[in-house]
Amino acid sequence: MTDSLQITPDLLLQAYAMGIFPMADSATSQEIHWVDPKRRGVFDLDQFHISRSLRRAVLRGQYQVTVDTDFSGVVAACADRPETWINPPIFALYQALHREGRAHSLEVWEAEQLIGGVYGVVLGSAFFGESMFSRRTNASKIALAWLVHRLRAGGFTLFDTQFLTPHLASLGATEIPRAEYHRRLDRALRQPARFDPPGYAPYPSLISSSGASGSSSGSVTSGATKPESQDSTQIS
């Protein structure tokens, strides 16, 4: 347990590089726990599962996807639930990492309303998924589908979900032992990746055709795109 006032953005990045991440007991707690689970949830980026129903939702296109347009709004929405591990100090730390280009968000919009999103931290070719939210059916799944395609295109090799939930398992996430996670993390930290790969221009039909039940291509693809761009489920 650590006094949140002692944690800096640099210390937080060092913690991620060591395989640990922060959580608070509640929104009002001023203390932060460092967590290193015995078993870790991860997405194999080549095994993300897009079901028929999710494919239809992606193709329907009644939404817009943006990246890093409303980072604070995504974190606030993730924290807006009866029980949350995101307290004000943690919120401020992630905002600081976002300003440094180390934390990113992907937003799903319906007209002008933010209906879903996910955010996380980037180090090397590792993406540490922190939390996601949904205000419409399938909105968080849509966010993850677009995010996984982006991570593939950018050369990421590790998508850490921290814990495995039934929601994430339905999309292809699995659980691995701590030692295996640390081996994968060590490799990922030594490889470069880009959250904004040059020339990347995704569009719904491209997203819907990637995934374990379709093509698993992770190549950078250009073309027409929307503005770059059950589910009240945390990644952690």
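Visitor: Which residues are linked in a network of salt bridges?

Guide: Asp-36, Arg-40, Asp-160 and Arg-178 form that network. The model is predicted: local features need pLDDT of at least 70 and side-chain atom pairs count only at pLDDT 80 or more, while totals for chains, interfaces and linings use all residues. Residues are numbered from 1 along each chain as its sequence is written, and side-chain values use heavy atoms, with hydrogens and water left out.

Visitor: Are Asp-160 and Arg-40 buried or exposed?

Guide: Both are buried, a term for under 20% relative accessible area; exposed means over 50%, and partly exposed lies in between (1.4 Å probe, protein chains only).

Visitor: What makes Arg-39 and Glu-175 a salt bridge?

Guide: Their side chains meet at 3.2 Å, N to O. This pair, too, links distant parts of the chain: Arg-39 belongs to strand S4 (residues 39-43) and Glu-175 to strand S10 (residues 174-177), 136 residues apart. Arg-39 has 40% relative accessibility and therefore counts as partly exposed; Glu-175, at 35%, is also partly exposed.

Visitor: Where do Glu-180 and Arg-183 lie?

Guide: Both are in helix H7 (residues 178-189), 3 residues apart, about one turn of the helix. Arg-183 is partly exposed, at 46%. A search of the whole structure finds 9 salt bridges.

Visitor: How do you know that Arg-40 lies over the face of Tyr-181?

Guide: A charge sits over a ring if NZ of Lys or CZ of Arg is within 6 Å of the ring centre and within 35 degrees of the ring normal. Arg-40 lies over the face of Tyr-181 at 4.0 Å from the ring centre. Arg-150 is likewise over the face of Phe-195, at 5.4 Å from the ring centre.

Visitor: How many aromatic pairs does the structure hold?

Guide: There are 9 aromatic pairs. One of them joins Tyr-94 and Tyr-119, whose ring centres are 5.5 Å apart with planes at 70°. Rings of Phe, Tyr and Trp (its six-membered ring) pair if their centres lie within 6.5 Å; planes under 30 degrees apart count as stacked, over 60 as edge-to-face and the rest as tilted. The Tyr-94 and Tyr-119 pair is therefore edge-to-face. Tyr-94 lies in helix H4 (residues 88-99) and Tyr-119 in strand S7 (residues 113-123), so the pair ties together parts 25 residues apart in sequence. Both tyrosines are buried.

Visitor: Why is the pair of Phe-127 and Phe-159 called edge-to-face?

Guide: Their ring centres are 5.5 Å apart and their planes stand at 85°, so the pair is edge-to-face. Phe-127 lies in strand S8 (residues 126-134) and Phe-159 in strand S9, so the pair ties together parts 32 residues apart in sequence. Phe-127, at 1% relative accessible area, is buried, as is Phe-159 at 0%. Phe-43, Phe-48, Phe-127, Phe-159 and Phe-195 form one aromatic cluster.

Visitor: Which residues line the largest pocket?

Guide: The lining includes Asn-138, Tyr-63, Glu-110 and Arg-136. Helix H2 (52-60) and helix H5 (139-153) each supply at least two lining residues. The lining divides into 5 nonpolar, 4 polar and 3 charged residues, where Ala, Val, Leu, Ile, Met, Phe, Trp, Tyr, Cys and Pro count as nonpolar, Asp, Glu, Lys and Arg as charged, and the others, Gly among them, as polar.

Visitor: What makes a space a pocket?

Guide: On a 1 Å grid over the protein atoms alone, a pocket is an open set of points with protein on both sides within 12 Å along at least five of seven lines, whereas a cavity is a set where a 1.4 Å probe fits but cannot get out; lining residues have an atom within 4 Å of a point. The largest pocket has a volume of about 170 Å³, a volume being the space filled by probe spheres set on the points, which are joined across faces, edges and corners.

Technical notes. Helix = DSSP H or I, 4+ residues; strand = E, 2+ residues; numbered from the N terminus. Salt bridge = Lys/Arg side-chain N within 4 Å of Asp/Glu carboxyl O.
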